[in-house]
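Try each task before you read its solution.

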Amino acid sequence: MDSFGARSTLRVGGREYEIFRLKALDEAGMNTVRLPYSLRILLENLLRHEDGSSVTADDIRALANWDPKAPSNEEIVFMPARVLLQDFTGVPAIVDLAAMRDAMAELGGDPEKINPQQPVELVIDHSIQVDAFASDRAFDINEELDYQRNRERYAFIKWGAQAFSNFVATPPNAGICHQINLEYLARVVFGDGHDQKGKSGLVQAYPDTLVGTDSHTPMVNGLGVLGWGVGGIEAEAAMLGQPIAMLIPEVIGVRLTGKLREGATATDLVLTITEMLRKKGVVGRFVEFYGPGVGSLPVADRATIGNMSPEYGSTCSIFPVDQVTLDYLRLTGRPEQRVQLVEAYMKEQGLFHSADSPEPEFTDTLELDLGDVEPSIAGPRRPQDRIPLSQARQAFQDALPSLLPPPRAGDAQGTASDTLPAVDCKIDGEVHQLTHGAVVLAAITSCTNTSNPSVMLAAGLLAKKAVERGLTRKPWVKTSLAPGSRVVTDYYQKAGLNKYLEALGFHTVGYGCTTCIGNSGALPPEVSEAVDQGDLVAAAVLSGNRNFEGRINPQVRANYLMSPPLVVAFALAGRIDIDLQNEPLGTDRDGRQVYLKDIWPSQQEIQQTVQASVASEMFAKNYGEIFKGDKRWLELDAPTGKRFAWDPRSTYVRQPSFFTGMAKEAPQTVNDIQAARCIAKLGDSVTTDHISPAGAIKKDSPAGSYLMEHGVAPKDFNSYGSRRGNHEVMVRGTFANIRIRNQLVPGIEGGFTKHLPSGDVLSIYDAAMRYLAEGTPLCVLAGKEYGSGSSRDWAAKGPYLQGIKFVLAESYERIHRSNLIGMGILPLQFQDGENADSLGLTGTETFDIVGLSEQVKNRFQNGRSVTVRARDEAGKAREFEALVRLDTPQELVYYINGGILQYVIRQLLSGRSPTQAAHGGMAGAPQARPGTRPDNGLVEKGSEDSFPASDPPTY
């Protein structure tokens, strides 16, 4: 359909493309020029996908007539052009696709219909760990161990790359998905080298858009590409052609003026913006940058800002396409034909930004003078807790009491906080004293900064000056360099800086996420022993984006984010409680004190080095062979064929049970839920890190017992993340976080519950299996912002496999609520002003959901409430109303089908398009209550060990 006559042609370099003109809407009386850049990208998406069902002319009008001052109740759909995966979240997605092929075959359908409908790109980047460091052999050792641990997973990914069309996967150690996306995968405009044709018969040109199974997907927003993170469940649906339903977003504009001053880096800028936007409150909103300062920021700086979207809570943080974008595309080796297409298309659509471009209208605006940005760090627990570098020492001292471990049994109350221990640590025959604040990890890591040549080369220049002055890293600091692409190594070598970094212990340990996601590896034994012996509050410094409690390393209690050159500086200092502006880093060979200012490179030095060292050929060379892989990848044996041959002995990849017993036809309604038991009663801000299996697998855990029963020695357990393709491991690790607090067992920390009515205290998994054997459905009671933090698909899949039928919470994080529905779990919400405690619920009751079947059958035409009947142990019943959080017709269809994937299978079995969305026939969705926007003070607690980011934040 083309209700507004938007279909047109665009000629670029002698070639014609089909496009959908935004100007057609202006000609129809709508003013699209005033819209933010991001909304105009969404508007083109609607024009191109108008079909009268998923997308109607009214949907297009609603977005074109967006009122920035009135939160929209209008729902639209978004059809991303591609999907980006990383390996931790990608493996379970491929497992599900393989299982869907089996289900299709068993139900009499064609299994090869289960196939991605648009490009899917997977980058293996979340697995490499820093076992070896400060050694010329560090990379080889770490890669060898990586293959030993993950060979089976990698073989499965390699199978998927040949089994599915529209699917490619990079070998391990090619880089980090977001940096590769920025430097290579992103098209900005589709059309060049792409053969999707429109009804005119011409190849279509349209904006590159995406969703990714990692919360830092908005990094590519710095290139003008609209995309954000989604959970694995949503990504799988998008792969299979399902539209993503969303309310028309609010858009916050950030007007930039001025330019960064001497000594300030892109990292300092992003930490400032993170603090500013967290205070403003942008959770669930789009953020867009505009104003005269935009032109002074290179794409790498813009990408650094976009990357941190999860840390300040926005869905995305986008910059418009401009001349800086085109220059970056040429620098990174994009074909000239594509660069010309990007320029011509964006100018034709009025989407190309220049100094005289009109400023869009926004829901609200903020302003930042780039000249006000000062050197900063952030920590010790949250990325939004910015600290001016000059106040680092005092800030650590102020935070220390809250970072101390609890007193050990037998210690006097308060002993830990009343003493400042100094613990002897013998390293290479020399005794050193470690105290609170000792920096034991210093990592140049993460997509956030390793994609930015200016801060990476600044680190190298600082290292050079330090080595020339005779400074060395402190011997208790575990140092590592984990670039996000191999291009970084090339320009370090061309600049001659790698030898200076290595002299300070910053050898390349791998090309992946490493420390930022908790793959920091163990501390050296002598350092580990000293930290434990003194109950020390040790510190980590990293150029990453996340520093939640326990995430970086289980022995490190204080984690600080900072620029790469500051990481090097703190490795030299060896402690976080130092005033680097007034205290020396050390003494040189002549005994003179050396201060940070003495070795800090100037902006002119940095820019000259960037210009001399970073060349387009480097990108062309590296990305020309990115899918080839090294000797280990080429020699890796992998299955072939279109259906996967599941190995019953595998402990990494198992056929999931999601489709067991699935009927060919969808039910017309659902049954009421009766006599459900509460398996967990939880408080506010329970994160997906608390719910989803995370970090190391403990020997005495249900997952550990399972692995040992299957012949896996504890030393080979690997992590939950590496075993996400095995549902048997993951269901055992669900709700197993050692910091979760279940009010059914007060006084016990960790994944335990009370089985009722027996009263036995069991692990949540063991209790769930007992309830399952008894035929008892389960539920969870929770407070505000249930499922906050990053979206984890196993935070919904695990509860489903445990037999949880509904969650009753005060409020939800948006994506987690969607994921629950995607797995057929019903999200219920307490009425305004009510919660479990105000209603006198202890969690020991049995729960009936009364009227659910009837409400679903009539599509909630009588409102969104159901009655919850809670019967206590004495048989006394209490009834109250709860809100059903099935907010859209499509969500209702998913729930009736038992989940998104079941819906897609049935659509394909019936010969209907899986892209056909449900529309209409349902009472209006509940809107956010006034004043109940998620509290920006809520913290994602993080798991005790760690887990990779895997979807947009929400807090």
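On a 1 Å grid over the protein atoms alone, a cavity is a set of points where a 1.4 Å probe fits but cannot get out, and its lining residues have an atom within 4 Å of a point. Grid points are joined across faces, edges and corners, and a volume is the space filled by probe spheres set on the points. The model is predicted, with local features needing pLDDT of at least 70, side-chain atom pairs counting only at pLDDT 80 or more, and totals for chains, interfaces and linings using all residues. Residues are numbered from 1 along each chain as its sequence is written, and side-chain values use heavy atoms, with hydrogens and water left out.

**Exercise 1. Find the cavities of 30 Å³ or more and describe the lining of the largest cavity.**

Step 1: five cavities reach 30 Å³ or more. Step 2: the largest cavity has a volume of about 90 Å³. Step 3: its lining consists of 13 residues, and those nearest the centre are His-216, Cys-447, Cys-513, Ile-517 and Asn-545. Step 4: sort the lining by class, where Ala, Val, Leu, Ile, Met, Phe, Trp, Tyr, Cys and Pro count as nonpolar, Asp, Glu, Lys and Arg as charged, and the others, Gly among them, as polar. The lining of the largest cavity then splits into six nonpolar, five polar and two charged residues.

**Exercise 2. Work out how α2 and α3 are oriented to each other, and which residues meet.**

Step 1: locate the elements; helices (H or I, at least four residues) and strands (E, at least two) are DSSP runs, numbered from the N terminus. The axes of α2 (residues 37-49) and α3 (residues 57-64) come within 10 Å and cross at roughly 170°. Step 3: angles under 35 degrees count as roughly parallel, over 145 as roughly antiparallel, 65 to 115 as roughly perpendicular and the rest as oblique. Therefore α2 and α3 are roughly antiparallel to each other. Step 4: contact means heavy atoms within 4.5 Å. Leu-39, Leu-42, Leu-43, Leu-46 and Leu-47 of α2 meet Asp-59, Ile-60, Leu-63 and Ala-64 of α3. By class, this contact of α2 with α3 has eight nonpolar, no polar and one charged residues.

**Exercise 3. Check the backbone at Pro-380, Pro-757 and Asn-173.**

Step 1: most residues other than glycine have a negative phi, and most peptide bonds are trans. Step 2: a cis peptide bond joins Gly-379 and Pro-380, with omega about 10°; Pro-380 sits in the loop between β16 (376-378) and β17 (386-388). Step 3: Leu-756 and Pro-757 are also joined by a cis peptide bond, with omega about 10°, and Pro-757 lies in the loop between β27 (752-754) and β28 (761-763). Step 4: Asn-173 has a positive phi, near 65°, and is placed in the loop between β6 (167-170) and α6 (177-185).

Key:
On a 1 Å grid over the protein atoms alone, a cavity is a set of points where a 1.4 Å probe fits but cannot get out, and a pocket is an open set with protein on both sides within 12 Å along at least five of seven lines; lining residues have an atom within 4 Å of a point. Axes are lines fitted to C-alpha atoms, for helices over the stretch in contact, and angles run from 0 to 180 degrees between N-to-C directions.
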